There are 2 protein chains.
Amino acid sequence: MHIQNTGQIQRPTFVIDESRARRNIAMMARKAQQSGIQLRPHFKTHQSAEIGSWFRDQNVNRITVSSLSMAEYFAASGWNDITLAIPVNLRELDPIAGLAERIRLGLVIDSEAVIPSLARRLTAATPIWIKIDPDYGRCGIHWQNHERITNLVKRVSDQQTLLFQGLLVHLGQTYDADSVLQIQTFHDRQVDMLADLKRTIADITGIVPLISIGDTPASCTVRRFEQVDEIRPGNFIFFDAMQWLHGVCRADELAAVLLCPVIGLYPQRNQIVIYGGAVHLSKDSVTMAKGERIFGFAALIENHEIGEISRQAPVIKVSQEHGVIQVPPDWFEKLQPGDLVAVYPAHSCLTADLQPAYRLTAGRPVSKFRLS
Amino acid sequence: MHIQNTGQIQRPTFVIDESRARRNIAMMARKAQQSGIQLRPHFKTHQSAEIGSWFRDQNVNRITVSSLSMAEYFAASGWNDITLAIPVNLRELDPIAGLAERIRLGLVIDSEAVIPSLARRLTAATPIWIKIDPDYGRCGIHWQNHERITNLVKRVSDQQTLLFQGLLVHLGQTYDADSVLQIQTFHDRQVDMLADLKRTIADITGIVPLISIGDTPASCTVRRFEQVDEIRPGNFIFFDAMQWLHGVCRADELAAVLLCPVIGLYPQRNQIVIYGGAVHLSKDSVTMAKGERIFGFAALIENHEIGEISRQAPVIKVSQEHGVIQVPPDWFEKLQPGDLVAVYPAHSCLTADLQPAYRLTAGRPVSKFRLS
């Protein structure tokens, strides 16, 4: 990763390699196209209108977001087919109904309890997805509960303003899988169960649901998508240390780092401290083989080139503004206070979310959404 | 905690009980006064000019911050004695020198390597603290290294623009202590070692350093401060689930909660899901007795009264926008989608940092600093 004008950087700065990110987008767009399915990327990872335009360049015209305010932000930059992929928050129903009048705003539900409110308030016909829980234990109706799912399909379809779309699933387990084989096993089992569920629903109701699945690990590692209609990965645009450790991406596909000033050098304990802590990186971590949590991996910047990710310099602790990195002894010959090091974050989505803005490796700033 | 006008709340909202927060401030101000020492509270916890004024009401006139931009924010609201309690970031030296011309800006160093740059760029006489590492392993010179510390004291004192103040310590271990007794033991050992170090420095250099210590757990649990000149606690204004679990505060001293809409109810597994995840709460956690990590504790709101913190409803998982809470079975008789629950966060500093603004329990918004 080649980087320019680092002399201007004073504080922790999230830097994006545009060519790598565009390559990642093109890879996923091609894969979806070859499988004959829709790509509806999750924009919660980058949260930027400008970066969204890189997806448009690959003919992506539908997206996923994780909050209403993010949906409003992207609608304002011309996206008119957006799925809000979190169970509908009834407290936001007025602004949701307003946005659903202006764009095609897909909503997600997992309970009959919200239907009366939706039916009463939504004035435009609104796409509805039923959230299915693939034994992940977050939201959704458990996928073995065919009866409840089928009943909810019928209830939605009975409402004039609710346009039933299909089943929406997030297979979160793939983020904890420790090998590509395990990711693929989880994915295959998911797809088989969804296919079974789809047949049951079609048999009982006569309605054939679409199938929308989500996660980056499976989207990147399965060869071809079978039996699904849509994928919603997000993280793949940047990837991160977690995806690299799990074998989901290659080192040269990592498209974002946090550049951090060195503020302390401790050769006695082979550690450095950076200005870059939980408020810049987040406290998300990967648990390593011996049970230790790491928050990212650091790399040196030499001759304007950011070193590739490696296990040699883990971020072992973060407090509010500081990060502690375990480093090889030869780093002390190369680093001075005030130098920058690059950190490949454990989880790029949360690191990106924390930034007021980004910077491209070419040096230009990129604006993004921020909750106000 | 009594709360008004919750009907207006649409999204995860950080709510502060002003009377509890003011009581916490008064408690710490009184304790410092009774010990005859200075209170220089850490404003990284609340990051708000308005809340800062509650400290002014207790005659606090010096503060601590954790970033230059936070120092600039508080300087703009009239604070003119601020310690920037993180080793100086040489990349920010120009704006640091600028601010040091306008206010009394204390800087922290732990290495001779930064002295030439400081001496060259600072135009105003600037207070300098030497950071000491009390075996915590973040920043600072290890406190047993009397020789390096003494040499650095001499080097600083030799510079005309650098006003040597003393030794600054953060005893981070107290956050991992599992009892008040252990916190006090850590604290006593720290104070003894600092007193010893102070005598050594005075004997060798003739300079008597001030002693500034920091952490909330010790500041709250020791009866009286001996042998220190200044304390810099921050978290005590709000406290949080971690401090409550460790016995540092009482349930009725917790002064902040995150109110979150319920978006999913799962009685089969005694769980609810809230709109409120890592981007609202942070991913900071407390590790419980059986090794499980929890991200906060939830409480019901009944008749405008927020229930006290208890262990009955832990937040067991957070993803970007969702939180999963394990709840007692009777909560399902009381909750509907769209209701609010209160979450006492694991770590209030990081939760507060994520907010664009706060709200008082009385209903009024409170603005705060935000990195731009």
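A: Sorted by class, the residues of the contact of α3(B) with α4(B) comprise six nonpolar and two charged ones, with no polar residue among them.

Helix α6 of chain B, residues 146–158, packs with helix α7 of chain B, residues 180–205, at an angle of about 55°, and their axes are 10 Å apart. That angle makes α6(B) oblique to α7(B), and the crossing in which α6(B) passes α7(B) is right-handed. From α6(B) the contact takes B:H146, B:I149, B:T150, B:V153 and B:K154, while α7(B) brings B:L197, B:T200, B:I201, B:I204 and B:T205. The residues of the contact of α6(B) with α7(B) fall into five nonpolar, four polar and one charged.

Turning to chain A, the axes of α6, residues 146–158, and α7, residues 180–205, come within 10 Å and cross at roughly 55°. The helices α6(A) and α7(A) are therefore oblique to each other, and α6(A) passes α7(A) in a right-handed crossing. Here the contact is formed by A:H146, A:I149, A:T150, A:V153 and A:K154 of α6(A) together with A:L197, A:T200, A:I201, A:I204 and A:T205 of α7(A). In the contact of α6(A) with α7(A) there are five nonpolar residues, four polar residues and one charged residue.

The relation between the chains can now be described. Chain A can be laid on chain B with an RMSD of 0.0 Å by a turn of 180° and a shift of 0.0 Å along the axis. The two copies are thus related as by a two-fold rotation axis, and in chain A the C-alpha nearest that axis belongs to A:K283, which lies 2.6 Å from it.

Where the chains touch, chain A contributes 44 residues and chain B contributes 44 residues. On the side of chain A that touches chain B, at least two residues each come from β4 (81–87), β11 (256–266), β12 (271–275), α10 (278–281), β19 (322–326) and α12 (348–353), and β11(A) gives the most, with four residues. By class, that side of chain A holds 20 nonpolar, 14 polar and 10 charged residues. Since 100% of the interface residues of chain A are also interface residues in chain B, the copies meet through the same surface.

Finally, a word on the confidence of the prediction: the mean pLDDT of chain A is 97, with 100% of its residues reaching 70 or more, and the model scores ipTM 0.97 and pTM 0.97.

Terms used:
Residues are numbered from 1 along each chain as its sequence is written. Chains are lettered from A and ligands numbered from 1 in the order in which they are written. This is a predicted model: local features need pLDDT of at least 70, side-chain atom pairs count only at pLDDT 80 or more; totals for chains, interfaces and linings use all residues. Two residues are in contact if their C-beta atoms, placed from the backbone, lie within 7 Å. Ala, Val, Leu, Ile, Met, Phe, Trp, Tyr, Cys and Pro count as nonpolar, Asp, Glu, Lys and Arg as charged, and the others, Gly among them, as polar. Copies are superposed by least squares on the C-alpha atoms of residues with pLDDT of at least 70 in both. pLDDT is the predictor's confidence in each residue, from 0 to 100. Axes are lines fitted to C-alpha atoms, for helices over the stretch in contact, and angles run from 0 to 180 degrees between N-to-C directions. Angles under 35 degrees count as roughly parallel, over 145 as roughly antiparallel, 65 to 115 as roughly perpendicular and the rest as oblique. A crossing is left-handed if the near helix is turned anticlockwise from the far one by less than a right angle, and right-handed if clockwise.
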